[in-house]
Amino acid sequence: GADGSNPVRLTHGIWDIRPAWSPDGRSIAYYSDHNADVWVVPSAGGESRQLTSGAAFDNPSGWLPDGSGVILIRQGVGDDQTLVAPLDGGAVRPLFAAPAGNVYAYPSPDGSKVAFILNRGGRGTVWVQAMAGGAPRQLTTDGLEGARLERMWSPDGRSVLFTSRRTGTQDIWVANVETGA
């Protein structure tokens, strides 16, 4: 309850972390160090269901806007990748056709675009592209952006939030998606 009454324990692992609410509020995705994979549990309590498996470390970072899958960052097998684990049991797949490099991506609120941090050789930049494909558009060029922010998009989808060390300190920045300003 809002007053702190009637808490419900959802998981029973030692390090179950990085919880992410589904868009409808009925489920929570999380990382379990039991096997370094993504799991989903009903938010009211119940049995957890494993969505990913394998040798990589899979960290949930959000949900598709329609709630049909969990977005995750896969690390430990080549470049870091942004993938989707469908709730219907389908195969884990790329969120979008990403360029080579470490990619940390997040869909816009309406699901039409994706913003991502692209890290190559220790230099991170912010990009935007249509979810359906097409040429990505670079928003920053300093190479000092890099924090993974699960909630990069403004609610109206017109701006993206990112962190940068361009002034010598780690600061929070916002860029207009259309103009880059």
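In what order do the 4 strands of the open sheet stand, and is their pairing parallel or antiparallel? The order is 5-6-7-8, and the pairing is antiparallel. At its edges are strand 5 (57-63) and strand 8 (93-94), each of which pairs on one side only. Two strands are taken to pair if DSSP finds at least two bridges between them. In general, strands of a sheet pair through backbone hydrogen bonds, either parallel or antiparallel.

The model is predicted: local features need pLDDT of at least 70, side-chain atom pairs count only at pLDDT 80 or more, and totals for chains, interfaces and linings use all residues. Residues are numbered from 1 along each chain as its sequence is written, and side-chain values use heavy atoms, with hydrogens and water left out.

**Overall architecture and confidence**

The protein chain has 0 helices and 14 strands; helices (H or I, at least four residues) and strands (E, at least two) are DSSP runs, numbered from the N terminus. Along the principal axes, the C-alpha trace spans about 45 × 40 × 35 Å. Of the 181 residues, 40% count as buried, where buried means under 20% relative accessible area, exposed over 50%, and partly exposed in between (1.4 Å probe, protein chains only).

The mean pLDDT (the predictor's confidence in each residue, from 0 to 100) is 89 for the chain, and 98% of the residues reach 70 or more. Confidence is highest in strand 3 (residues 37-42), at a mean of 95, and lowest in strand 9 (residues 102-107), at 87.

Strand 7 is mostly covered, with 5 of its 6 residues buried.

**Two buried positions**

T82 is placed in strand 7. T82 counts as buried because its relative accessibility is 6%. Its side chain reaches the backbone oxygen of V103 at 2.8 Å, a polar contact being a pair of N or O atoms within 3.5 Å; within protein, one must be able to donate a hydrogen and the other to accept it, and residues adjacent in sequence count only if both atoms are side-chain atoms. Beyond its neighbours within four places in sequence, T82 is in contact (heavy atoms within 4.5 Å) with I71, L72, I73, P94, L95, V103, Y104 and A105.

A56 lies in the loop between strand 4 (49-50) and strand 5. Because its relative accessibility is 5%, A56 counts as buried. The C-alpha atoms of A56 and R74 are separated by 6.3 Å, although these residues are 18 residues apart along the chain. Apart from neighbours within four places in sequence, the contacts of A56 are A36, D37, R74, Q75 and V77.
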